[in-house]
Every structure is written in structure tokens, then in C-alpha cells.
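Please read it alongside the sequence and the coordinates.

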Amino acid sequence: MILVLEMALLTVGLALPLALDHFWIVLATRIVLLCLPALSFDLLWGYSGIMSFGQALFYGTAGYTAALLARDAGLTSIFVIVPACTLIGLVLALAMAWFLLLGRYPPSTIFVALGTLTGAYAADRLARGWYYLGGQNGIPSIPPLTAGPFTIAEGPVYYYLALGALLVVYALCRVLVRSQFGLVLAGIRQHEERISFLGYRVQHFKAIVFTLAGGICGLAGALAAFHDGFVWPNMLSVLLSTQFVLYVLFGGVGTLVGAVIGVASIEYVSFLLADRFQTFWPILLGLLLLFVVLFRRSGLVGLVVTERERFGRFGRAPARAKVERSHGAA
Amino acid sequence: MALLEVSGVSKRFGELRALAGVDLRVEAGQIHGLIGPNGSGKSTLMKCIAGALAPDAGVIRFAGRNLTRAAPSERARAGLSIKFQITSVLPSLSVYDNVLLALQGRDSLVSLLRSATRRARHEAVTAALARFPLIGRADQLAGALSHGEQQWLEIAMALATEPTLLLLDEPTAGMSLEERRLTGELLAPIKTGCAILIVEHDLDFIRGVSDVLTVLDQGTVLDSGSVEAIQASSKVQEVYLTRV
């Protein structure tokens with residue numbers, strides 16, 4: 001069923017610009033870009049048991065880096081911006097992982113959650129107070145992204161660029177969580193201590209996933225900064241980090257596709273509610289989120305995906321005949 | 001030199017003295033039974049050896065290496081493996097995946113990222129499952145197994161790491177008589193590959209499988225020796241056997 005959902009979303013995603021006008025394509029691009037940090041959070045919480053309230057730290061830092069490279073160094077080439085900002089996300093996340101995860105004793109979930117939250121909060125306050133970063137107003141008027149002589153402006157081209165980035169990241173995440181590495185993550189999620197007694201250096205696995213998740217946010221932050229044309233402190237905030245958490249809880253934890261469904265449904269419903277109930281739409285949205293998170297622990301995806309499928313299979317299964325021969329021999 | 005040398009290990013939990021200067025030696029290829037009344041410190045000693053608890057004092061040497069402060073993963077990589085008192089299989093993974101996880105515990109990260117690892121380990125997984133009566137249940141979730149089968153699965157996982165010392169904390173707890181008999185038969189041939197340190201309340205079972213017995217009482221070693229010597233020990237009979 002997960003594969004069916006993935007194929008359906010891919011078809012819709014590819015066909016969307018053909019059926020939408022410019023306004024909706026811009027909105028759809030924002031939604032696609034938000035899927036990246038949501039995926040990163042799903043990798044952390046859904047697959048590795050790491051609670052992070054600081055994904056916006058990596059997203060916003062990369063966004064600010066992209067804005068500064070464009071404003072102060074005149075760099076707008078996608079071939080510079082994307083690798084540089086992804087690297088910023090990776091390095092910053094590795095530094096945090098070093099501090100939060102690789103200590104002498106295994107950290108608690110609460111410690112990591114509070115550590116990441118503090119990081120996002122501190123970065124938000126720093127950006128608001130630092131004149132060089134534009135203070136409360138952030139950095140406006142970022143020039144468009146370029147690829148050689150071509151300008152990548154908002155619209156269908158940027159949409160497909162964002163969709164391409166999402167597809168690549170999604171595919172990499174899918175390979176990762178279904179490999180033997182993913183099997184170890186599934187084991188860690190269920191019984192971390194038991195896994196360490198099998199010889200696995202659990203915190204190393206967590207640090208690797210945390211670092212990768214930071215890199216994904218870095219990529220998303222850079223693309224978002226150039227798409228929106230400005231960056232502001234909210235890009236680094238705890239509020240946005242919490243939003244990434246809600247996307248995944250709403251869509252379905254530990255499925256990857258749930259993160260995408262969560263972002264798309266929350267953003268679309270928010271837009272509809274804001275349009276129809278201009279004064280109290282946040283209350284309606286909050287009630288909806290509460291309802292799903294409290295009464296549908298497996299999220300929207302849990303309506304159609306079984307628990308067994310959610311845990312998935314890892315690596316290529318040996319050929320059926322081979323299994324049967326082995327059983328027979330036993 | 002003994003495979004495992006525990007020297008003067010002590011552990012307190014607040015006012016409670018769980019271990020007080022325990023010495024223990026386990027030789028290679030030996031099944032060493034650890035017995036004692038409830039609260040005598042058997043499980044605490046096992047946890048200190050495996051790395052689940054850090055001793056307050058004393059030294060734990062394994063295969064000549066001082067592992068007193070080593071992380072559990074480092075002890076496992078050195079050749080120590082444990083089956084806990086409370087079964088701790090991974091219930092939402094298949095029986096096959098539980099054993100596979102144990103088998104590839106010392107693999108490099110790069111090989112884990114390559115899906116081919118599963119195929120490469122297939123023969124070893126089926127061999128590990130075939131040793132215990134679990135081969136027909138390879139595709140079932142571990143959580144769906146009976147208690148006795150989960151105990152076997154956990155022993156199979158502990159053995160799959162190819163340890164030189166296997167720590168078994170009450171391997172037959174909650175098993176039927178038939179399952180206990182079968183477990184004894186399954187453990188006997190293992191000692192050709194590795195030594196076993198085993199904690200068990202079932203005295204008939206532990207007498208049947210052990211080469212050497214150590215008796216703990218109130219966190220100290222009461223006596224240690226061959227099964228016959230311990231059975232004949234007046235100290236043990238007076239302090240331990242009469243209380244059980």
C-alpha cells in the first residue's frame with residue numbers, strides 16, 4: 001500500500017503544474033520544499049527514535065547562508081548554493097550530534113529534544129538581534145537562483161527543481177531505511193539497549209542519521225530562501241521546528257510517505273480554512289491536529305497501511321526457492 | 001589465564017549492598033553455573049560483566065583485556081554475549097530479522113548500507129535458527145512467539161554473534177518441563193565453541209549442564225568448585241540449599 005501511495009503522489013506531483021495557475025504552483029512549490037525537513041524529522045523520530053525540536057536550526061541557517069552568499073558575494077549559482085548549504089546543514093548537525101549524542105553515556109530522548117530546541121531558540125534570538133543578518137526583518141530581496149546563463153524564477157521550473165530535489169532525497173531515504181542499516185535503526189527504535197549488546201555502536205548510528213537529516217534541511221533551506229526571495233528569523237524558530245514535528249505526526253510516523261502527506265494535507269487545509277474562516281481558522285486547524293495526533297497515533301497513513309508494512313522489510317529477500325531449500329535442509 | 005576474571009567487584013544501590021568484592025574465574029570451554037538465593041547478586045554480577053551496570057569497585061578482565069569501563073557494544077565486539085533474565089527480543093521484527101541483526105553486529109557501516117548483506121548472511125541465519133526449533137517460524141514476528149520460543153530466539157541471537165563467552169541469565173525461566181529438557185540438550189554442544197556463564201534457579205537443570213558451580217550469598221562468593229564438591233559443601237547446604 002505504501003508503494004501505491006508513493007506512485008499516486010508522484011503522479012500527482014508530476015502532473016500538478018499542468019493543471020494549476022501560477023499562484024497555486026508557487027504554493028505547491030512551498031509545500032514540496034517543506035516536505036524535505038519533514039522527511040528529515042521522520043528519519044530522526046520515525047526511524048531512529050531521536051526527538052528533534054531543532055530541525056529549523058539547520059533549515060534556517062542554510063537559508064541565511066544562501067541569502068548572505070547572494071547578497072555579499074554575489075553567488076547565485078545553483079551549483080554553488082546547493083552543495084554549500086547542504087554542507088552547512090551537515091556540518092552544523094554533525095557538531096550538534098557530537099555534543100548531544102556522542103558523549104560518554106547514552107543521552108535520554110528528553111536531553112536531545114531540549115538540546116535541539118535550545119539550539120533553534122538561540123539561533124532565532126541571535127538572528128533577531130544581529131544587525132548584519134537584518135534583525136527582525138531578515139534579509140530581503142534575494143536575487144533569483146541561476147544555472148549558468150539561465151535564471152530559475154518561481155513558477156513551473158522552480159517547482160520541478162524542488163520536486164526533483166524531493167525525489168532524490170526521498171529515494172535516498174528509502175534506500176537507507178530499507179537497507180540493513182535501516183534494520184539496525186528499526187532495532188534501535190524498539191530496544192536500544194539490546195542492540196548495543198549485539199555489538200552495535202548505537203550512538204554512531206544516531207549521529208549519522210542526525211547529520212544526514214541536517215543536510216536535508218540545509219538543502220531545503222537554501223531552495224526555500226531563493227524561492228521566497230527573503231529569509232527571516234522565523235526560518236530558525238522553535239515554532240517552525242514544531243511544525244515539522246506536527247507534519248509527520250499528522251501524516252504518519254516512520255513511513256516517509258506519511259511526512260509528505262502530512263505536509264500537503266496540513267498546508268492545504270490551512271489554506272482552505274484561512275480562506276473561509278479568516279478569524280478563527282488556527283483554532284479549527286489546532287483541533288484537527290489534536291484529534292488526529294490523539295486518536296490516530298499512526299497518522300493518516302495508518303488508515304490504509306498495516307503495522308507490519310509500516311515496519312517494512314530490509315534488504316533484498318533471498319530467492320524463495322533458496323529459502324525453501326534451506327528450510328528443507330534443516 | 002582464565003577467559004573471564006572478575007576481581008573484587010562491588011556494587012551498591014543506595015543502602016543496598018548488591019555485590020561486595022566478588023571474585024570469579026571462568027575458563028575457556030567451561031559451563032560455569034552461578035547459583036544463589038533471590039537477592040544474592042547473581043543478575044547484578046551478570047549485568048556488571050555485560051556492561052549494563054558499572055561496578056563501584058573491582059576489575060573485569062576478559063581475554064586479557066580490562067573491560068571494566070567498556071561500553072556494552074565494545075564488550076560484545078570483544079566476544080561477550082548476553083541473554084537477559086527478561087526476554088528482550090525485538091517483537092515487531094521477524095524472527096529472521098532478529099537473528100540477522102545479531103549476526104551482523106560487528107559488520108562495518110558500509111556493508112550495512114549494501115542490501116546484499118541480507119543475501120550474504122542468509123545461510124548463517126538459517127543455520128542459527130535450525131539449531132533451535134525456530135526454523136519454521138522465521139517469517140513470523142518475534143512478538144508472536146511463545147515465551148519459551150522467545151527464550152530460544154534470544155539464546156540463538158546471543159550465539160549468533162559467535163561469542164567466546166555467553167552469559168545466560170535464567171535461560172529456562174517460564175519454560176515448560178519439556179522445553180527445559182530441550183534447552184539443556186541444546187546448550188551441551190555449545191561449549192565446544194564458547195564458554196558459558198549461566199544463572200539459573202532450577203537446580204536440577206544447572207547441575208545437569210554445569211562443569212563448575214559458584215554460589216553467591218548476600219553479594220559475596222560463598223563457595224566455588226565442581227558440581228559434586230558444591231553438592232557436598234556443608235557451607236552451601238547450611239546457608240543456601242536449606243533455604244530454597
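The model is predicted: local features are reported only at pLDDT of at least 70 and side-chain atom pairs only at pLDDT 80 or more, while totals for chains, interfaces and linings use all residues. Residues are numbered from 1 along each chain as its sequence is written, and chains are lettered from A and ligands numbered from 1 in the order in which they are written.

**Interface**

Contact here means that the C-beta atoms of two residues, placed from the backbone, lie within 7 Å. On that criterion, 25 residues of chain A are in contact with 30 residues of chain B. Helices (H or I, at least four residues) and strands (E, at least two) are DSSP runs numbered from the N terminus. On the chain B side, at least two residues each come from α2 (72-78), α3 (95-103), α4 (109-113) and α5 (116-131). The largest share, seven residues, belongs to α5(B). By class, this side of chain B has 14 nonpolar, 10 polar and six charged residues. Nonpolar covers Ala, Val, Leu, Ile, Met, Phe, Trp, Tyr, Cys and Pro; charged covers Asp, Glu, Lys and Arg; the others, Gly among them, are polar.

**Helix packing in chain A**

Axes are lines fitted to C-alpha atoms, for helices over the stretch in contact, and angles run from 0 to 180 degrees between N-to-C directions. Angles under 35 degrees count as roughly parallel, over 145 as roughly antiparallel, 65 to 115 as roughly perpendicular and the rest as oblique. Helix α2 (residues 22-48) of chain A packs against α11 (residues 257-276) of chain A with the axes 8 Å apart and an angle of about 140°. The pair α2(A) and α11(A) is therefore oblique. From α2(A), the residues in this contact include L27(A), I31(A) and L34(A), and from α11(A) they include V260(A), V263(A) and F271(A). The contact of α2(A) with α11(A) comprises 11 nonpolar, two polar and two charged residues.

Helix α2(A) also meets α10 (residues 238-251) of chain A, where the axes come within 9 Å and cross at roughly 70°. That angle makes α2(A) and α10(A) roughly perpendicular. Among the contributors are F41(A) and W45(A) of α2(A) and F244(A) and Y247(A) of α10(A). Eight nonpolar, one polar and one charged residues make up the contact of α2(A) with α10(A).

**Six-stranded sheet of chain B**

Strands count as paired if DSSP finds at least two bridges between them. Six strands of chain B form an open sheet in the order β6-β7-β8-β3-β9-β10, with mixed pairing. The edges are β6 (80-83) and β10 (220-226) of chain B, each with a single partner strand, so one side of each has no neighbour in the sheet. From one strand to the next the twist averages 15°.

| Strand pair | Sense | Bridges | Opposite residues |
|---|---|---|---|
| β3(B) and β8(B) | parallel | four | H32(B) and L197(B) |
| β3(B) and β9(B) | parallel | four | G33(B) and L213(B) |

A residue is buried if 20 or more other C-beta atoms lie within 10 Å of its own, exposed if 12 or fewer, and partly exposed in between, with C-beta atoms placed from the backbone. In β8 (residues 195-199) of chain B, five of five residues are buried. One side of β8(B) carries A195(B), L197(B) and V199(B), the other I196(B) and I198(B), and both faces are covered. Helix α6 (residues 147-160) of chain B lies across β6 and β7 of chain B, at about 175° to β6(B).

**Four-stranded sheet of chain B**

A further open sheet has the order β2-β1-β4-β5 (chain B) and antiparallel pairing. Its edge strands are β2 (16-26) and β5 (65-66) of chain B, which each pair on one side only. Two bridges join β4 (residues 57-62) of chain B to β5(B), and F62(B) stands opposite R65(B). Helix α1 (residues 42-50) of chain B packs on this sheet, touching β1 (4-13), β2 and β4 of chain B, and its direction makes about 115° with that of β1(B).

The loop between β5 and α2 of chain B holds T68(B). T68(B) counts as partly exposed because it has 19 C-beta neighbours inside 10 Å. Beyond its neighbours within four places in sequence, T68(B) is in contact with P55(B), V59(B) and I60(B). G58(B) is 10 residues from T68(B) in sequence and 7.8 Å from T68(B) in space, C-alpha to C-alpha.
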